[in-house]
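Trainee: I have the sequence and the coordinates open, and I'd like to go through some local features with you. Can we start with whatever term we need for talking about burial?

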Amino acid sequence: MLNLPFPVRDANLQGGADNLGDLPEWDLSDLYSSEDAPELGRDLEWLEKECAAFAFDYEGKLADLDASGLLDCVLRNEKINSVAGRVMSFAGLRYYQLTTDADRAKFLSDCQEKITNFTTPLVFFTLELNRIDDDALKARFAENADLARYEPVFRRIRAMKPYQLSDELEKFLHDLGVVGDAWERLFDETIAGLTFTVDGEELNIEGTLNLLTEQDRSKREAASRELARVFADNIKTFARVHNTQAKEKEIIDRWREMPSAQMGRHLSNDVEPEVVEALREAVVAAYPKLSHRYYELKRKWLGLDKMQVWDRNAPLPMEDTRIVNWVEAEKTVMDAYNAFDPRMGEIAAPFFSKGWIDAGVKPGKAPGAFAHPTVTDVHPYVMLNYLGKPRDVMTLAHELGHGVHQVLAADQGEMLSSTPLTLAETASVFGEMLTFRAMLDKAETPEQRKVLLAGKVEDMINTVVRQIAFYDFECKLHAARREGELTPDDINALWMSVQAESLGPAFEFMDGYETFWAYIPHFVHSPFYVYAYAFGDGLVNALYSVYAEGGEGFEDKYFDMLKAGGSKHHKDLLAPFGLDASDPRFWDKGLSMISGFIDELEAMEA
């Protein structure tokens with residue numbers, strides 16, 4: 001996710017957030033000491049030579065390798081991935097720290113181009129793997145257990161077999177990838193360069209979006225209208241980026257004969273289209289009992305005839321607006337993690353003490369939050385834009401969960417550690433739930449319990465309902481782009497077509513809200529990524545139900561699940577818990593947890 005360049009409200013200095021304490025910053029030296037580090041130069045030199053040597057040794061020969069030879073080939077490919085991943089992690093993380101710095105942007109671009117050029121000769125690897133006969137490959141797995149460990153990787157690669165192009169075209173598309181990356185960078189740098197003036201104060205997008213959770217309604221309205229004004233001023237650029245990216249995807253999908261725009265994402269997520277459709281249908285059917293019902297409650301709490309978009313994430317009137325400093329945030333999350341299992345706390349602790357978190361809001365820093373796994377022989381890095389809101393504490397719990405998951409999965413190695421997006425949210429959402437439950441248990445009054453429950457419901461609606469609405473918007477966007485160029489008004493209309501349906505009758509929509517699709521980075525960076533959030537939330541809700549019911553040995557099963565990384569299909573990962581995501585009732589189980597929280601909130605009003 002991403003952000004900016006000018007005197008912005010620094011979390012340590014101004015804007016009512018001067019009591020956050022000492023916020024940690026990244027120490028990237030575990031990757032490289034600097035962009036001029038001799039180790040980095042040596043790694044780039046090694047990559048160039050090894051990629052050429054790999055192609056010389058194996059191109060045209062994969063089908064003739066015995067099991068031992070194929071294993072050696074896989075291990076060499078994995079080493080190349082690891083070294084390239086280290087270089088790109090360092091370049092990318094430096095860029096996210098200051099996206100407006102021309103030197104950092106150039107360094108990232110140069111690294112990307114070099115690695116793209118070095119690895120173009122390796123395109124044959126997956127293409128030739130897909131041409132090996134199924135029975136011949138099974139025989140090699142049977143012969144060598146170390147090779148058989150990589151079967152899940154081969155299975156996911158071979159899922160693309162029906163959509164594979166000629167070797168020459170695949171190499172062409174590989175080389176062309178840097179052009180698509182340039183459009184992503186145009187989006188990032190445009191977002192990073194936006195300035196917003198609210199009540200005389202100049203802010204970046206992160207600081208402006210943060211005002212939408214202010215207690216003062218006039219402040220929320222001013223921020224919303226300023227967002228709409230700035231988005232409108234830049235809407236042609238955003239529309240051009242979306243048109244170009246969607247058209248590029250349509251061309252590639254057409255050449256590959258993909259059955260849908262979403263299919264590529266489903267394949268990379270190692271999930272069946274019918275499972276995603278079952279999730280979508282379950283969530284859309286639940287809109288009335290989830291978002292519609294909750295926002296009607298919130299409308300009454302706020303004393304409004306109709307809610308506006310700036311009321312969606314407003315705090316409740318009785319909500320404590322105090323700032324949570326960094327020390328308290330760390331203790332809250334760590335206590336929750338340790339209470340679940342001390343092993344989780346032990347894994348999480350170094351993030352706070354060793355420069356693995358970059359927490360403060362700074363000029364030019366990317367907005368949002370993420371956990372970057374880097375490579376399996378280093379460690380993840382977590383980025384936050386911490387402003388001391390209770391939701392920021394939950395974001396810390398969320399991203400730290402990602403970090404724990406990535407640490408545990410690292411033993412699988414470079415090719416097996418990475419989980420599909422649908423499973424990547426498991427530990428993060430579970431970490432949030434642990435932190436939320438710990439805070440709920442400590443609530444001293446009914447009002448405190450109401451505020452916590454309402455906040456959790458809103459987070460879950462944002463994760464499930466809002467993300468499925470985003471998914472529907474993307475489905476409509478890509479379908480419409482196949483029919484021709486889309487004007488900004490066309491895209492605006494698609495956006496509004498999903499908003500009323502998902503949010504419900506409690507809302508009115510101000511003029512200008514139709515442009516709010518423009519700042520969502522997932523639409524540009526990872527088309528159809530968004531349903532993974534809803535998948536992860538539903539999965540964790542079902543998992544937590546098993547935990548709450550006292551499932552025997554849950555903690556050990558949970559750690560085994562995280563340690564598996566990407567080595568198992570979702571069906572195999574969930575089986576020890578008695579769960580199955582292909583069963584439509586699975587999603588109802590997860591959604592019923594959200595509905596149950598709303599039941600409790602309604603009962604408080606009786």
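This is a predicted model: local features need pLDDT of at least 70, side-chain atom pairs count only at pLDDT 80 or more; totals for chains, interfaces and linings use all residues.

Trainee: Fine. So is T374 buried or exposed?

Mentor: T374 has a relative accessible area of 9%, and because buried means under 20%, T374 is buried. T374 sits in the loop between β4 (370-372) and β5 (381-383), and its phi is positive, at about 50 degrees, although T374 is not a glycine.

Trainee: What about D199, and where is it?

Mentor: D199 is placed in the loop between β1 (196-198) and β2 (201-203). Its phi is near 50 degrees, which is again a positive value in a residue other than glycine, but D199 is exposed, with a relative accessible area of 59%.

Trainee: Switching to charges: how many salt bridges does the structure hold?

Mentor: There are 44 salt bridges in the structure. One of them joins the side chains of E277 and R280, at 3.8 Å from N to O, and both residues lie in helix α13 (residues 273-286), three residues apart, which is about one turn of the helix.

Trainee: Which other salt bridge does R280 make?

Mentor: The side chain of R280 also meets that of D472 in a salt bridge, at 2.7 Å from N to O. This pair links distant parts of the chain, with R280 in helix α13 and D472 in helix α21 (residues 465-481), 192 residues apart. D472 counts as buried, at 8% relative accessibility.

Trainee: What does D583 pair with?

Mentor: D583 forms a salt bridge with R585, where the closest N and O atoms are 3.0 Å apart. D583 is partly exposed, with a relative accessible area of 23%, whereas R585 counts as exposed at 62%.

Trainee: On to helices. How far does α19 reach?

Mentor: Helix α19 (residues 426-441) has 16 residues and reaches 23 Å from its first C-alpha to its last, close to the 22 Å expected at 1.5 Å a residue. The helix is mostly covered, since 12 of its 16 residues are buried, and among them are V429, F430, M433, L434 and F436.

Trainee: At what angle does α15 pack against α19?

Mentor: Helix α15 (residues 326-340) and α19 pack at an angle of about 100 degrees, and their axes are 9 Å apart. That makes α15 roughly perpendicular to α19.

Trainee: Which residues meet there?

Mentor: From α15 the residues are T332, V333, A336, Y337 and F340, and from α19 they are F430, G431, L434, T435, A438 and M439. The residues of this contact divide into eight nonpolar, three polar and no charged.

Trainee: And α10, what covers its buried residues?

Mentor: The cover includes β1, α9 (205-210) and α11 (235-256). The buried residues of α10 are R220, A223, S224, E226, L227, A228, V230 and F231. Helix α10 itself (residues 217-233) has 17 residues and reaches 24 Å from its first C-alpha to its last, close to the 24 Å expected at 1.5 Å a residue.

Trainee: Last one: N77. Which residues is it in contact with, leaving aside its neighbours within four places in sequence?

Mentor: Apart from those neighbours, N77 is in contact with F54, L122, F125 and M415. The C-alpha atoms of N77 and L122 are separated by 8.7 Å, although the two residues are 45 residues apart along the chain. N77 lies in helix α2 (residues 67-97) and is buried, with a relative accessible area of 7%.

Notes:
Residues are numbered from 1 along each chain as its sequence is written. Side-chain values use heavy atoms; hydrogens and water are left out. A salt bridge is a side-chain nitrogen of Lys or Arg within 4 Å of a carboxyl oxygen of Asp or Glu. Helices (H or I, at least four residues) and strands (E, at least two) are DSSP runs, numbered from the N terminus. Buried means under 20% relative accessible area, exposed over 50%, partly exposed in between (1.4 Å probe, protein chains only). The expected span of a helix is 1.5 Å times one less than its number of residues. Axes are lines fitted to C-alpha atoms, for helices over the stretch in contact, and angles run from 0 to 180 degrees between N-to-C directions. Angles under 35 degrees count as roughly parallel, over 145 as roughly antiparallel, 65 to 115 as roughly perpendicular and the rest as oblique. Contact means heavy atoms within 4.5 Å. Ala, Val, Leu, Ile, Met, Phe, Trp, Tyr, Cys and Pro count as nonpolar, Asp, Glu, Lys and Arg as charged, and the others, Gly among them, as polar.
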